[in-house]
Amino acid sequence: YGADEWQQRAEERCLRRLRSWGFHGGGKWGAPGGVVEVAVLHRWGTPSLAGHPDVFDAAVAEAFRREIESQVLPRREDPWLLGWSLGNEYDELIKRDEVRAILKMGADVPAKRALVDHALDVIYAGDLARLAEAWKVSAQNRQQLYAASPDPPAEDIETLRLFYQDRYYDFIYTTVKALDPNHLYFGNWIVPGWWESEADWKSIARYCDVIGYDDYSIEHDGDTTRRLKRETDKPVLIGEFSYPPFYDGTRGMGRYRVYGRDDAHSGELYYQRIRQAAQDPYCVGALWFLYRDQPITGRGPGRGPKLVHGEHFCFGLVDITDRPRWDMVRRMREANLRAARWRLGVLGD
């Protein structure tokens, strides 16, 4: 493409390909101009407490709000933006270990005080003596509880985790929608099974417009995901799925846990998955991961003498030399063009 204009020319070709192959937009990790995109917000400038910002701390909450605002406001009127998400997958769940760590912190930490208050007022209905016994601390009043280093039972940790997580998600959702009421919010792309508990799905569902989730599986959803969708009764969007061909290892790329034998097999798996997704009344879309293959030496991070650092899979519609996987792409195009008719129930196959 030339030394000076290679990026512009590559993006122009990408856009032509996506349109001719029946795709309606980009994914959540960037897209060429002129197609719909799902944007991922980050919390780079916000201090974390034990993994996530302390949204109970007014100063931290304000810093978090400003960080979100700096990313949202420039695109608030963007017609190519489908909606927002924040963070990605397991990283954006509040962990049980985070709650344990916070409860070991000092009495002046707002999150610790909020967790202790919730435990005393809600879990133990104000019975301080019973809480002190269960948490293995000596405390005669609330201030002494704040200063203690407790060891709560597992069921209390889970209750407090979900309390913290609800406040965290509520803050993000309320902030994003106040800044930009005209775009959707998708949560943080939860992965079914890769969570602290399935209650995480329900927690996210309370604070989003559409539940965004990633699902690398052969079939469209397992029994648990189907049940949770019925129970929460909200639309869902698949943020990532893929069937990278492996070629029996002959091309030096990695074998992903869900993969196709070759290009034709990967295309067929895509075809069946889109058909199933289009016939799912809760599903409003599915985003394929990825447009271009990862490098054969890995996407990183890493350094040292190893040959491969990080993921190195044939996720792409095109390979690292920008050549389309035609046997895969042709079948994908067929599925993309049939999706609307599958959705309407006028095409049986």
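Let's start with the largest pocket: its lining divides into 30 nonpolar, ten polar and six charged residues. For those classes, Ala, Val, Leu, Ile, Met, Phe, Trp, Tyr, Cys and Pro count as nonpolar, Asp, Glu, Lys and Arg as charged, and the others, Gly among them, as polar.

Before going on, the ground rules. This is a predicted model, where local features need pLDDT of at least 70, side-chain atom pairs count only at pLDDT 80 or more, and totals for chains, interfaces and linings use all residues. Residues are numbered from 1 along each chain as its sequence is written, and side-chain values use heavy atoms, with hydrogens and water left out.

Back to the pocket. Its volume is about 1200 Å³. The lining holds 46 residues, and F23, G25, G26, G27 and L287 lie nearest the centre. Which elements give two or more residues to this lining? They are α1 (6-20), β1 (37-41), β5, α10 (263-278), β6 and α11 (326-344). Those labels are DSSP runs numbered from the N terminus: helices are H or I with at least four residues, strands are E with at least two.

Now, what is a pocket here? On a 1 Å grid over the protein atoms alone, a pocket is an open set of points with protein on both sides within 12 Å along at least five of seven lines; a cavity is a set where a 1.4 Å probe fits but cannot get out; lining residues have an atom within 4 Å of a point. Grid points are joined across faces, edges and corners, and a volume is the space filled by probe spheres set on the points.

The second largest pocket has a volume of about 440 Å³. Of its 20 lining residues, W29, N88, E89, E240 and R299 are the closest to its centre. Its lining has nine nonpolar, three polar and eight charged residues.

Next, the cavity. The structure holds one of 30 Å³ or more. About 60 Å³ of space lies in the largest cavity. Its lining includes L86, E92, Y168, Y169 and I172. Helix α7 gives the most to that lining, with three residues. By class, the count is seven nonpolar, two polar and one charged.

On to the sheet. Three strands form an open sheet in the order β4-β5-β6, with parallel pairing. Strands β4 (211-214) and β6 (283-288) are the edges, each pairing on one side only. From one strand to the next, the twist averages 20 degrees. For that angle, axes are lines fitted to C-alpha atoms, for helices over the stretch in contact, and angles run from 0 to 180 degrees between N-to-C directions. Strand β5 (residues 236-241) is joined to β6 by three bridges. Two strands pair if DSSP finds at least two bridges between them. Look at I238: its bridge partner in β6 is A286.

Salt bridges now. There are 37 in the structure. The cut-off is a side-chain nitrogen of Lys or Arg within 4 Å of a carboxyl oxygen of Asp or Glu. Take E62 and R66, whose closest N and O atoms are 3.6 Å apart. Both sit in helix α2 (residues 58-72), four residues apart, about one turn of the helix. Buried means under 20% relative accessible area, exposed over 50%, partly exposed in between (1.4 Å probe, protein chains only).

Now R161 and D200, with closest N and O atoms 2.8 Å apart. This pair links distant parts of the chain: R161 is in helix α7 (residues 154-179), D200 in helix α8 (residues 199-205), 39 residues apart. R161 is buried, at 0%. D200 is buried too, at 0%. Through shared partners, salt bridges join R96, E158, R161, E196 and D200 into one network.

Last, the backbone. Most residues other than glycine have a negative phi, and most peptide bonds are trans. Which peptide bond here is cis? The one from G300 to P301, with omega near 0 degrees. P301 lies in the loop between β6 and α11. D322 is found in the loop between β6 and α11 as well. D322 has a positive phi of about 70 degrees, although not a glycine, and counts as buried at 10% relative accessibility. A125 has a positive phi of about 50 degrees and is not a glycine either. A125 lies in the loop between α4 (110-123) and α5 (128-135). A125 is exposed, with a relative accessible area of 63%.
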